[in-house]
Amino acid sequence: MTMHRTTRIKITELNPHLMCVLCGGYFIDATTIIECLHSFCKMCIVRYLETSKYCPICDVPVHKTKPLLNIRSDKTLQDIVYKLVPGLFKNEMKRRRDFYADHPSVDATTRSNEDRGEVADEDKRIITDDEIISLSIEFFDHNKAEQTGVAEDQLTKEQVNNKRYLQCPAAMTIMHLRKFLRSKMDIPCTYQVEVMYEDEPLKDYYTLMDIAYIYTWRRNGPLPLKYRVRPSCKKMKMSHLQQEGQNSTGRSAESDSASDKACSPAAVPSTSSSLPSPGTPVQSPHPHFPHISKPVNGASTSAPAPTRPFPFGKKPRKASLNGSSASSG
């Protein structure tokens, strides 16, 4: 099984895609040329096209006579820039308010609230790292999750009481929330805590700001999160190994009993070449000299073996064993 590692990148690595080549700053009112799809700040490209009809990057003709007709405002790109660059939207709104405050003669009544700098972060759904986010956390019940069509006002008092509310910084990660839940409820280390949005588990490196952007939280209530407690993978693996060990032990016991039955005297006929038991006296390795036993570590045993008749009617002879002579007869 292939594991995919998620790598977090720095904002500086994305700067070439978020910055205007004409002013060197981040896009403000991002505007794109429809012929080549290169983007710039609106003020920068409008001033540039007053003296040129070609793209500043690739020299593609924008328009033969009226280049301003082939540029379009790119709201999606501008929202991405505002969400990725911390504090950019707030600073830009302040700069616009200061401009109109310093130039009261400029008529701003025909301009939008964003052009006048009168849009708050909440209205634009821009979240900063130091912003405090309200969230609700409750236990994830799979049986209740399968029930559909239940209105919020029909929830029982017990279900409402099981929900807890927290206020956390937007930069707090799911890992911090898991540790908080573990310490608050004294969950053993043999169990793992999963934080979820609806029925989808969340990554440990997700921040509350990431969740609000990914799942399009509208600020119409606390950020709804859930959690569940499950046995850890290590514990599940150990229990699986123990179960396999019990199964293998049962199988080996059955095989051992079967082999015992197969090796019992009733099942196997006796033969003349059976091994002697420990209580059976060991015969001399020299059948012609029954009173001589095999020396052990250079010393001979003193207990003589039972005498046997000489085979084939041969006469007794003298034999030398380890340099010492022994007489038979």
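**Close-up views of a predicted model**

**View 1. T173 sits in the loop that joins β5 (164–169) to α9 (174–185).** Helices (H or I, at least four residues) and strands (E, at least two) are DSSP runs, numbered from the N terminus. This is a predicted model, in which local features need pLDDT of at least 70 and side-chain atom pairs count only at pLDDT 80 or more, while totals for chains, interfaces and linings use all residues. Residues are numbered from 1 along each chain as its sequence is written, and side-chain values use heavy atoms, with hydrogens and water left out. T173 counts as buried because its relative accessibility is 15% (buried is under 20% relative accessible area, exposed over 50%, partly exposed in between; 1.4 Å probe, protein chains only). Apart from neighbours within four places in sequence, T173 is in contact (heavy atoms within 4.5 Å) with D204, Y205, Y206 and T207.

**View 2. Q78 belongs to helix α3, which covers residues 75–84.** With a relative accessibility of 4%, Q78 counts as buried. If residues up to four places away in sequence are not counted, Q78 touches F27, I28, D29 and A30.

**View 3. T31 lies in strand β1, formed by residues 30–33.** T31 counts as buried because its relative accessibility is 4%. The side chain of T31 has a polar atom 3.0 Å from the backbone oxygen of D29. T31 and R72 are 41 residues apart in sequence, yet their C-alpha atoms are 5.5 Å apart in space. Besides R72, the contacts of T31 beyond four places in sequence are H38, S39, F40, K42, I45, I71, S73 and D74.

**View 4. Helices α1 (residues 11–18) and α3 pack against each other, with an angle of about 155 degrees and their axes 12 Å apart.** The helices are therefore roughly antiparallel (an angle over 145 degrees counts as roughly antiparallel, under 35 as roughly parallel, 65 to 115 as roughly perpendicular and the rest as oblique). Axes are lines fitted to C-alpha atoms over the stretch in contact, and angles run from 0 to 180 degrees between N-to-C directions. The crossing of α1 past α3 is left-handed, that is, the near helix is turned anticlockwise from the far one by less than a right angle. Residues I11, L14, H17 and L18 of α1 meet L77, V81 and L84 of α3.

**View 5. D59 is placed in the loop between α2 (42–48) and β3 (71–73).** Although D59 is a residue other than glycine, its phi is positive, near 60 degrees. D59 is exposed because its relative accessible area is 55%. In an unreviewed UniProt entry, the feature "domain: RING-type" is placed at residues 20–59; such annotations may be inferred rather than shown by experiment. The end C-alpha atoms of residues 20–59 lie 16 Å apart, and this span is 18% helix and 18% strand.

**View 6. E198 occupies the loop between β6 (191–197) and β7 (200–201).** E198 is not a glycine, but it has a positive phi of about 60 degrees. With a relative accessible area of 53%, E198 is exposed.

Note on methods: A polar contact is a pair of N or O atoms within 3.5 Å; within protein, one must be able to donate a hydrogen and the other to accept it, and residues adjacent in sequence count only if both atoms are side-chain atoms.
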